[in-house]
Amino acid sequence: MKLNPILAIDGYKVSHRVQYPQGTTKVYSNFTPRSDRFFQSPVADGKLVFFGLQGFLKWFMVDLFNDAFFARPEEEVVNEYKEVMDSYLGKDSVAVDHIRDLHRLGYLPLHIKSLDEGSKVPMKVPVLTITNTREEFFWLVNYLETVLSAELWKASTNATIAHHYRKICEQWAAKTCSDLSHLDFQCHDFSFRGMAGLHDTAQAGAGHLLSFKGTDSIPSLLYARDFYTGGEEYFIGASIPATEHSVMCMGEHEHEIETFRRLIADIYPQGFVSIVSDTWDYWRVITEYTRELKSLILGREGRVVFRPDSGDPVEILCGTGADDDTSADRSPEEKGSVEVLWEIFGGTVNEKGYKVLDPHVGLIYGDSITLARANQILSRLEAKGFASSNVVFGVGSFTYQYNTRDTFGFAMKATWGAVNGEGRMIFKEPKTDNGLKRSARGLLRVERDAQGELQLHDEQSWEQEQGGELKTRFLDGKLYDTEHFETIRQRLANQR
């Protein structure tokens, strides 16, 4: 659907233009994460990773408006708007002259300033401000609230979640690993099929790629490339060959080991290959097939990665038994996958005293992983004497789709306006609220304190508002101060 962007609104936005006081010429609003009360993480720090604005500005505010609004004939655009409104709110109930005027102007008369993407932002600190640059288009500022909110909250939320996965992986790697080269690929994005459509996948999945380089979401790679690299050659992310259950089933149950053999000897005689291993009997695969195929696996130049895909991920990887139990008569289920592979293939003990599986074998678990489960798995591996690098997590929609705008309480609110040439500091402070919905007041500035933390200063003069960390990103239809994906990645990495 090639939507006319002037219609990308909540229905009630149509009426607001005439509801503002007579003589309104300026509206100044902000977009702010208000609370992380619904965000659960073992490494929670009360901050959001800001991401996604540049992509939204280029895709929606520039490209879509230019192609689907300004480039179309004036009467076609105006008539479409009128037809929709006549049907929606009643014939001739909504004027169209302001739409005609905007089309004739030929650009969006708006000024958007924001923090640098990849910044870690405390709650109640705005990530952006938006205001109109021509008096007659005051109505346009909050008219775009709905689409701005819908497009931005999730990219930032998913970037924050990925960052927390990275922090968890880094914490356990610092304790148990001598080599940290695995970290960029320790969490792999499996979320595509569970996301809310193609655009959602591309945009939110790019947030994962700020912290990791492993993904199965090719649209996310394209989104990062198109909106954050200028199309230049740059390594964003990658994956490896991997099977699915249809492949294993087509090989037939009674010939499953031959499917494994064909995969690792004939199709992929070298390099990495991931093989889903629970199609029928996972523990048979991990204890019997591995022994029979051991010489073949060890003779390859590369790694065979076994992928369990059902059951409790903590127990599958770490076992159902006590972590300090080393008795010989334990079952494979009690030992867990990592310990079973160690017994069969061995490995090395690193400089920190933790066991590292032979590099010819590995494990990835991609079902129902959460921040808490990832932390628990790496904690239990440490207790069992294994380095955290022995496992990779497939992070799917169970992580990235179980969130809403309220996960970080995102809201866009107007805090200043002008009526008949006089400025008005405005704010929202409901008596029936617990304080969450209290808005800032007036013009805003965000500064870093002596410790480098972002802080909000409200009730500012226009001169004060010009300073601080909020930088011009969009002005009168053009993008400003755009940044490369690598710059944003490094900014976030430096804040861990």
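**Figure 1. Overview of the predicted model.** On a 1 Å grid over the protein atoms alone, a cavity is a set of points where a 1.4 Å probe fits but cannot get out, and lining residues have an atom within 4 Å of a point. The views show a predicted model, in which local features need pLDDT of at least 70 and side-chain atom pairs pLDDT 80 or more, whereas totals for chains, interfaces and linings use all residues. Residues are numbered from 1 along each chain as its sequence is written, and side-chain values use heavy atoms, without hydrogens and water. The protein holds 19 helices and 19 strands (DSSP runs numbered from the N terminus, H or I of at least four residues and E of at least two). Its C-alpha atoms fill a box of roughly 85 × 50 × 45 Å along the principal axes. Of the 496 residues in the protein, 53% are buried (under 20% relative accessible area; exposed is over 50% and partly exposed in between, with a 1.4 Å probe and protein chains only).

Figure 2. The largest pocket (an open set of points with protein on both sides within 12 Å along at least five of seven lines) has a volume of about 1,300 Å³, taken as the space filled by probe spheres set on points joined across faces, edges and corners. Its lining is made up of 49 residues, and those lying nearest the centre of the pocket are His188, Ile240, Val305, Ile364 and Val392. Two or more lining residues come from each of strand E6 (187-189), strand E9 (304-307), strand E10 (347-349), strand E11 (355-357), strand E12 (361-365), strand E13 (391-395) and helix H17 (397-400). Strand E12 gives the most to this lining, with 4 residues. By class, the lining of the largest pocket comprises 18 nonpolar, 21 polar and 10 charged residues (Ala, Val, Leu, Ile, Met, Phe, Trp, Tyr, Cys and Pro are nonpolar, Asp, Glu, Lys and Arg charged, the others, Gly among them, polar).

**Figure 3. Close-up of the largest cavity.** Leu53, Gln54, Leu57, Leu115, Asp116, Glu117, Arg473, Leu479, Tyr480, Asp481, Thr482 and Glu483 line the largest cavity. Helix H2 (residues 53-70) gives the most to this lining, with 3 residues. Sorted by class, the residues lining the largest cavity are 5 nonpolar, 2 polar and 5 charged.

**Figure 4. Close-up of the second largest cavity.** The second largest cavity contains about 40 Å³ of space, and the residues that line it are Lys13, His16, Arg17, Tyr20, Trp139, Asn142 and Tyr143. Helix H1 (16-19) and helix H5 (140-143) are the elements that give two or more residues to the lining of the second largest cavity. The class counts for this lining are 3 nonpolar, 2 polar and 2 charged residues.

**Figure 5. Close-up of two loop residues with positive phi.** Ser368, which is found in the loop between strand E12 and helix H16 (371-383), has a phi near 60 degrees, a positive value in a residue other than glycine. In the loop between strand E18 (471-475) and strand E19 (478-479) is Asp476, another residue other than glycine with a positive phi, here near 50 degrees. Asp476 is partly exposed, and its relative accessible area is 26%.
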